[in-house]
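Open the model in your viewer and keep the sequence panel beside it. We will go from stop to stop, selecting as we go.

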Amino acid sequence: MDTLLIFDFGSQTSQLIARRLRDQGYFARIVAGDCTCQEAGIDGSIKGIILSGSPFSVYEKDAPKLDQDVFKQGIPILGICYGLQRITQDLGGSVEPRHTREYGRASLQKKNEHLLLKDIRDGFQSWMSHGDSIQKLPHGFEVAWESEHGIPAMAFLDTKTIAGQETAKKFGISAPLMGIQFHPEVSHCESGQSILHNFAEQICSMKREWDVSYYLEEAKQVIAETILARSELQGTGAEVLLLISGGVDSTVLGALLLKTMDPDKLHLLYVDTGMMRNAETDEVKETLKSLGAKHVHIVHAENDFLGQLAGKSDPEEKRQIIGDLFITIQNREIVRLGLGSAYLLAQGTLYTDLIESGKGVGKHAAVIKSHHNVRSPLVESLRNEGRIIEPLAKLYKDEVRALGKALGLSPKIVWRHPFPGPGLAVRILGEVDREKCAILRAADKIFIDELHKRELYHSIWQAFCVLLPVRSVGVAGDMRGYGYVLALRAIVSSDGMTADVYPFEMKDILEISGLITNQIKAIGRVVYDISSKPPATIEWE
């Protein structure tokens, strides 16, 4: 299959590049940015190479380096942000921090024609994220576009010039080489999809051969091979345990496992932490029953979780406690169920979970926040032993929904809003207790019910309430009140990597706020979170 190879230098959006290409039917594979050409598996199927962004500066001592043999493969190369700066530095140019940094939208002006930006209008709005800029281009490079600040935004090796030919000969370059300072993969970048299409089809001559059915078959094969390898190692059929929350990710994974392996070997474990949404446990029981699962185990562990979280207010500490406790309870249940010590743990981990936890391809990604199913020490130990199955770890949320549809799941399940693994614990800022969970659960039910009644639910990617650790003065029935402040959060997104605020009609937000404060005595004030991602994350903790 025609493939684009993405060298990941630790960018938060490397998988998003692959995702945008897959949206258009072009298959993309990601490798660590500092791997060798041999380790990357470069063969005749590779039609193009993309060098990703990075949290590093190319002039830093520990900045990830590119195998220089990549330039000699005769394959078109596109550098994005750090990728362009890596090309510049490696081929004799220079990159330096500038007083003028560029973050967010930036208008670009055309200086020279280039196929990469064919038919893109002069003055289009790009999306920048860099403090370093090109100070001097390598010998033979030309600027095709520059930003409104006069900073090179797109440059290429011009082999029609003598200087370009000299550089090509010196470094063994025999295919188009170019780079852009902005991020076409981010949804806020105007014409981003067209730019990636131009690279894949116009420059790399790729065929459109990828769709979700291809990934479904690949995932089934990976699951089957992992289970077979474990079974051969222990001399008997491997048991698989899936910690299921009832959310989209774990439910899709459950359906995938049930279609791939012997259902008698699959155990679905649902832990009611006491920090679930209203009627969550009943809904999960109904969903799992509809999937045809043979072994469903419901554990009520509210006392365990709230007891461990008592007095804890740091977000990272809360996530660590919850992650470890999930595994502790899981181990307790494994003993009770007689699964032994050789089981495999299946998780509905998405790529967004991995990259926010600093677990993207390679070792250079920054940690944004730890997800309980990624960086927990106990989960890490199982992963190091090769006992974790994460078939969704290359996908974004909307791709998981597409996979769910392909597996025949109902729209009610597929289009349910995301719910974090730690549950209400990361929506209660500060210390978590039973009273706060009850308050937040009641408010969240009102909010979500109203979105359904007003036919807004399916226009919103994720909506929820956040209970703040502050109280404010109010008045009710001529009496002084002192109630909690509740924040409403509603965002629109396609993948969870970037998000915009949902633009409620004022009538809706006023009426929903009024219902919450009238029905829940403990809440005295409601605010609406109008922060996008970036700079904020979707969840508050």
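Two strands pair if DSSP finds at least two bridges between them. Keep that in mind for the first stop. One caution before starting: this is a predicted model.

**Stop 1: an open sheet**

Select residues 240-243, strand β10, and residues 344-346, strand β13. These two strands run parallel and are joined by 3 bridges. Now pick Leu 242. Which residue stands opposite Leu 242 in β13? Ala 346 does.

Widen the view. β10 and β13 belong to an open sheet of 5 strands, paired in parallel. Read across the sheet in the order β12-β11-β10-β13-β14. At the edges are β12 (296-300) and β14 (388-389), each pairing on one side only.

**Stop 2: two helices**

Select helix α9 (residues 302-309) and helix α10 (residues 315-337). They pack at an angle of about 145°, and their axes are 10 Å apart. The crossing of α9 past α10 is right-handed.

Show the side chains where they meet. From α9, take Asp 304, Phe 305, Gln 308 and Leu 309. Their partners in α10 include Lys 318, Ile 321, Leu 325 and Arg 332. What kinds of residue make up the contact of α9 with α10? There are 7 nonpolar, 1 polar and 3 charged.

**Stop 3**

Jump to strand β9 (residues 177-180). Leu 177 and Gly 179 point one way, while Met 178 and Ile 180 point the other way. In a regular strand the side chains alternate between the two faces of the sheet. Are these four residues of β9 buried or exposed? All are buried.

Now bring in the neighbours. Strand β4 (residues 77-80) runs parallel to β9, with 4 bridges joining them. Find Gly 79: its bridge partner in β9 is Gly 179. Strand β8 (residues 152-157) runs antiparallel to β9, with 3 bridges between them. Here Met 154 stands opposite Ile 180.

**Stop 4: the nonpolar cores**

Select Met 275, Leu 451, Leu 486 and Ile 516. These have the most contacts inside the largest nonpolar core, which has 92 residues. Which helix gives the most to this core? It is α15 (residues 434-453), with 8 residues.

Zoom in on Ile 516. Set aside its neighbours within four places in sequence. Ile 516 is then in contact with Ala 443, Ile 446, Leu 486, Leu 488, Ile 523 and Val 526.

A second, separate core has 37 residues. Select Met 128, Trp 145, Leu 196 and Ala 200 to see some of its members.

**Stop 5**

Most residues other than glycine have a negative phi.

Select Asp 119, in the loop between β5 (94-110) and β6 (125-136). Asp 119 has a positive phi of about 65°, although it is not a glycine. Asp 119 counts as exposed because its relative accessibility is 73%, and the cut-off for exposed is over 50%.

Finish at Glu 455, in the loop between α15 and β15 (462-476). Glu 455 is not a glycine either, yet its phi is positive, about 55°. Glu 455 is exposed, with a relative accessible area of 70%.

Conventions
Residues numbered from 1 in each chain as written. Predicted model: local features only at pLDDT ≥ 70, side-chain atom pairs only at ≥ 80, totals over all residues. Heavy atoms only, no water. Core = buried A, V, L, I, M, F, W, Y, C linked by side-chain atoms within 4.5 Å. Buried < 20%, exposed > 50% of the residue type's maximum accessible area, 1.4 Å probe, protein only. Contact = heavy atoms within 4.5 Å. Axes fitted to C-alpha atoms, helices over the stretch in contact; angles between N-to-C directions. Left-handed = near helix turned anticlockwise from the far one by under 90°. Nonpolar A, V, L, I, M, F, W, Y, C, P; charged D, E, K, R; others polar.
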